[in-house]
Amino acid sequence: MNLERLKRMKVNIIGAGPAGLYFAILMKKMNPANEIEIFERDGPDDTFGWGIVFSDRTFSYLKNADQESYEDFIHACETWDDVVIGHKDQKIRISGNKFSGIARIVFLNILHKRCQRLGVRINFRTNIMDVAGLTDCDLLVGADGANSIVREKYRAFFQPTLDLRRNKYIWLGTHQLFDGLTLTFREDAAGLYVAHSYRFNKNTSTFIVECIEDTWDKAGFSAKTEQETCRYLEKVFEAELAGNALLTNNFVKWFNFLMVKNQRWYHEHVVLLGDALHTAHFSIGSGTKLALEDAIALAHSFQLRKDTSSALQDFQKTRKPIVDELQAAAFESLVWLENVKNDIHLDPLPFAYKVMTRSKKVNYERLKKRDPKFIAAYESAVR
Ligand SMILES: Cc1cc2nc3c(=O)[nH]c(=O)nc-3n(C[C@H](O)[C@H](O)[C@H](O)COP(=O)(O)OP(=O)(O)OC[C@H]3O[C@@H](n4cnc5c(N)ncnc54)[C@H](O)[C@@H]3O)c2cc1C
């Protein structure tokens, strides 16, 4: 494909999640003559999940890429400083951690609006069953999430590793407000549960519950309805929820986390982006950030390189080491949560220290800088 052709690109994108939408925005901004079309199986107001959290309050990486959507995100976000660890009926608060929370649907609607203003065509309620029908273009982007059909179609080239992890999780909401990224550990007769909760607007929090399969079996969740599941978990987390119900939307199933990696990131003029390419466990709140950064990196490669093939090469070469490092940290966090029973005997302060350092991205020095009072309390507890 030569430079002449790339002056005006025809780009087909499967999936209007954060990766596909943000890449479309950047490519259209790069050249308004680019013809960008997105194919999305859901409608504009359907989404899974509740709020998402970003482990960064500034969104600095988005500011330079697209000022307009950046301003909209900043206005729609809730921000806080603390991680809160609930264990043995105590709450340990660790300050100096900067987080932002936003409803996933609000986040997507900001990107939809921006796409529409720029002239990106989004075909909602269009479920792509056969990728072959969309390959007649300069670039085909598989931004179709963790269960990508684009990745599946070119499986032999991408060489994915798909690792379905052991823990079960369910993504719920509640009107109880959690002012911090709160991890609560609770046991009942069936076993141990972990809740990941945080406020993402003025009156709602995300409430994700995970547990090992044995606990899930013993609690009998496979035979429980949505409502029965919520009532059961409300009892487990009675103290944290303070009488507030657990709420469901259209993402009410229990899942096992799918860890996705790919040996190769592109094949001819087909490239993967976001969760289709790599997943990062939700406990480190980075999947969306990775998807957006992928979009920025890929658009940047197209700005630098003269043809599709060298742009895609450049994308994989520059981006993969960064993604590998973050996936490694997310994996440490996931494995620690799968084996949390090994540390559950610890008292609240040493336990909180374990939680904070589980991904190995945060160490003693960093914690001391963030919250010297927490480290002082931890040291006197373990002395
Ligand atoms: C429980 C849970 C909590 C999470 N919490 C956070 C968090 O707090 N912070 C964070 O940063 N990340 C979080 N994530 C991760 C985050 O949701 C993903 O990393 C992010 O959505 C990836 O964006 P994406 O655009 O790559 O894929 P997706 O958001 O999955 O979007 C893919 C899109 O493709 C569409 N699609 C799929 N197949 C087809 C098809 N055949 N035809 C047409 N359209 C199709 C889908 O409908 C979807 O809209 C969480 C994930 C989970 C599971």
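A crossing of two helices is termed left-handed if the near helix is turned anticlockwise from the far one by less than a right angle, and right-handed if the turn is clockwise. In the predicted model described here, helix α13 passes helix α15 in a left-handed crossing. Helix α13 spans residues 348-357 and helix α15 spans residues 372-382; their axes come within 8 Å and cross at roughly 125 degrees. This angle makes α13 oblique to α15. On the side of α13, the contact is formed by L349, P350, A352 and Y353, and on the side of α15 by F374, I375, A377, Y378, A381 and V382. By class, the residues of this contact comprise 10 nonpolar, no polar and no charged.

The crossing of α2 and α5 is left-handed. From α2, the residues P18, L21, Y22, A24, I25, K28 and K29 take part, and they meet R104, F107, L108, L111, H112, R114, C115 and L118 of α5. The contact of α2 with α5 contains 10 nonpolar residues, one polar residue and four charged residues.

Of the 13 residues of α2, 11 are buried, so the helix is largely enclosed by the rest of the structure. The buried residues of α2 are P18, A19, G20, L21, Y22, F23, A24, I25, L26, M27 and K28.

Within helix α2, A24 has a relative accessible area of 0% and is buried. When residues up to four places away in sequence are not counted, A24 touches I13, I36, I38, C115 and V120. One of these, C115, also belongs to the residues through which α5 meets α2. A24 and A295 are 271 residues apart along the chain, and their C-alpha atoms are separated by 8.4 Å.

R114 is found in helix α5 and is buried, with a relative accessible area of 8%. Leaving aside neighbours within four places in sequence, R114 is in contact with I25, K29, D66, E68 and S69. Among these partners, I25 and K29 are also listed in the α2 side of the helix contact.

Several loop residues were also characterised. E40 is found in the loop between β2 (35-39) and β3 (51-54). Residues under 20% relative accessible area count as buried, and E40, at 12% relative accessibility, is therefore buried. Apart from neighbours within four places in sequence, E40 is in contact with G15, A16, G17, N123, F124, R125 and T126. E40 and L241 lie 201 residues apart along the chain, and the distance between their C-alpha atoms is 36 Å.

One of the contacts of E40 is R125, which lies in the loop between β8 (121-123) and β9 (139-142). R125 is exposed, with a relative accessible area of 61%, whereas E40 is buried. The phi angle of R125 is near 50 degrees, a positive value in a residue other than glycine.

A positive phi, of about 50 degrees, is also found at K88, which is not a glycine. K88 is placed in the loop between β5 (83-87) and β6 (90-94). With a relative accessible area of 42%, K88 is partly exposed.

Conventions:
Residues numbered from 1 in each chain as written. Predicted model: local features only at pLDDT ≥ 70, side-chain atom pairs only at ≥ 80, totals over all residues. Heavy atoms only, no water. Axes fitted to C-alpha atoms, helices over the stretch in contact; angles between N-to-C directions. Helix = DSSP H or I, 4+ residues; strand = E, 2+ residues; numbered from the N terminus. Parallel < 35°, antiparallel > 145°, perpendicular 65-115°, else oblique. Contact = heavy atoms within 4.5 Å. Nonpolar A, V, L, I, M, F, W, Y, C, P; charged D, E, K, R; others polar. Buried < 20%, exposed > 50% of the residue type's maximum accessible area, 1.4 Å probe, protein only.
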